[in-house]
Amino acid sequence: MSILVNQNTRLLVQGITGKEGLFHTQQMVQYGTNVVAGVTPGKGGDWVLDGKIPVFDSTKIAVEYTGANASVIFVPAQYTADAIFEAADAGIPLIVCITEGVPVQDMMKVRNYLDQKQVRLVGPNCPGLLTPGECKVGIIPGNIAIHGEIGVVSRSGTLTYEVLYALREAGLGASTCVGIGGDPINGTSFLDVLEMFEDDPRTKRVVLIGEIGGTDEEKAADFIATRMTKPVVAFIAGQSAPPGKRMGHAGAIIEGGAGTAAEKVNALKLAGVRVANHPEEIPGLLHH
Amino acid sequence: MKLHEYQSKAIFANYGIPIPRGRVAENAAEARAIAEELGGRVVVKSQVLVGGRGKAGGIRLAKTAEEAETVAAQLLGMTIKGLAVRRVLVDEAANIETEIYLGITNDRAARKPVIMASAAGGVDIEEIARQSPEKIFKVHVDPLLGLREYQARDIAACIDIPREYWKSFIAITRGLWWAYCETDATLAEINPLVITANHQLIALDGKMVIDDNALFRRPAIASLRDVDEDTEAEVEARKHGLAYIQLEGQIGCMVNGAGLAMATMDMIKLQGGEPANFLDIGGGAGADKVAAAFRIILSDPKVRAVLINIFGGITRCDEVARGILMAMTDVKSTIPMVVRLAGTNAEEGRNLLRNAQMITAETLFEAAQKAVALVEGA
């Protein structure tokens, strides 16, 4: 067991013929992900990766021909909202959006539209999903994580890799790693992923990697305190960040005094979460 | 991206929102000429991208054109919260009866735009929100439907706007909504919106913040950026697509990824040091970009040591190493450096840097420790 992606995932890549799309498709296939189709409007009929993966003009046609049940999006930011709408309208139940820099008003429209449908969006601006040994959807380097029983959920990219690597060095593996992305409006929250990990029999413990901005970590703390039975270890990035300055991610900003690391750490500690002072401390706290 | 008051109000005017007559001036003589045109009694307002201008003495009333010239000369020599006043807005003075707050922003928890209004306008709205939140009326707008007329009417009724002003208030709210949508704003605010003694609604002050991620489709707005307000290093960083923010400390940081960059800064602080900057070179950065990042970090005279922390995923460590070597040949810095490379091609990267007089570290903890020791030892 795992969450969101596994060996039954039939993946479609939107933007498969672009530089990033093609490179990461290759990486995903090498990892063992079942990539069944790609979409690039105007390139329908082409094949990529030595004729192994067919390219379609539209997501709807790709789904009809290949039965894809998940999509990963690599298209540029100006076309991203449209790509998400297209995937949702084609009936794909899981959409993972890697693209960074999507305008926030686009994301508000996307989110409010998807809320009316049975569609799960992960991202945007995220590294994607990895169920070690089974399936990789996105750009998380496969070799840094081993199969195990720790659920990892994070708002960051490379910081997640750092943590997966530290876990591996300590002999600890992941059930599934979920990058939810660093944007203020996204598809999946910490809370959504914690619920899934709580219900997943393979996941025994959870690592949550948050950062400054918003109140998603506080909502997660609420859930952990009231509903979660599995132990959680957390790290919050941005303790040293000054208010009013956007720390790279569109969502990582302390606004009007809210969204500070101290508030988040406090809320998590009150919920019984062990909070690490730095990412390399996480494996030790899990061993306890 | 923040817009100046005069820029925001010009946008509002395009959407049918009444604003005072007035223009922006870059010197005292210009301010006088504008005041003469407006008939003498004017408000001279510093144009800096920071809140609390009024409290800092950056907004002054002038009764005559001569006085406007004197006041403008004083303001143009001022510095407000570290920002030099380079322009003043000279506006016709209004006779204010009532001050209203009206703003639109993104409510990230609700994932919808929210319109906020209050009869207690004019002062700091965050202060009102803290002390008496019941005085602020909020309406969420479905982004797929847009603002509906009844919502604007509800706002007018709930903040007790006299009925004879409803029609113009609704038109202003609608105008503000479209200004917010069509500029990809994250904030569009009128504070105060006033009812004047001659029974008119006018936007006396305006503030807009634009979503940086949407500037690609708003070229006219993007061209309004005031680069005078950014440090040279920040302008340079933007040119190279680097996320860079200058801070107060002595340890320059170069990291790939925003989350990891923050974690690296935190680690420095945890070890008793202070980061000099936030810098994210982004995913898949090549040698050129790394070299640019390096030059930007070293352009900060406060920097006493540099910490480079790269976790290779898409970014390859050997590529980063090449960028560092490239930059070192033309910057020729004597500032000591600590490098920690992990992940994709880390070994190749470390080999490239072997002869480059750099301190290496295995873990982030060790890297920060060494960087802090360098600063303390200096």
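Predicted model: local features only at pLDDT ≥ 70, side-chain atom pairs only at ≥ 80, totals over all residues.

Visitor: Why is Ile190(B) called buried?

Guide: Happy to start there! A residue counts as buried if 20 or more other C-beta atoms lie within 10 Å of its own. Ile190(B) has 30 C-beta neighbours inside 10 Å, so it is classed as buried.

Visitor: Where is Ile190(B) found, and which residues does it touch?

Guide: Ile190(B) belongs to strand β11 of chain B, residues 185-196. Leaving out residues up to four places away in sequence, Ile190(B) touches Leu102(B), Gly103(B), Leu176(B), Ala203(B) and Gly206(B). Gly122(B) is 68 residues apart from Ile190(B) along the chain, with 9.2 Å between their C-alpha atoms.

Visitor: Over in chain A, what is the strand order of the open sheet?

Guide: The seven strands run in the order β3-β4-β2-β1-β5-β6-β7 (chain A), and the pairing is mixed.

Visitor: What makes β3 and β7 of chain A edge strands?

Guide: Each has a single partner strand, so one side of β3 (47-48) and one side of β7 (120-122) of chain A have no neighbour in the sheet.

Visitor: How do you know that β6(A) and β7(A) pair?

Guide: Pairing takes at least two bridges. Three bridges join β6 (residues 94-97) of chain A to β7(A), so the two strands qualify, and they run parallel.

Visitor: Which strands does helix α2 of chain A lie across?

Guide: Helix α2 (residues 59-66) lies across β1, β2, β4 and β5 of chain A, at about 155° to β2(A).

Note on methods: Residues numbered from 1 in each chain as written. Chains lettered and ligands numbered in written order. Helix = DSSP H or I, 4+ residues; strand = E, 2+ residues; numbered from the N terminus. Contact = placed C-beta atoms within 7 Å. Axes fitted to C-alpha atoms, helices over the stretch in contact; angles between N-to-C directions. Buried ≥ 20, exposed ≤ 12 C-beta atoms within 10 Å, placed from the backbone.
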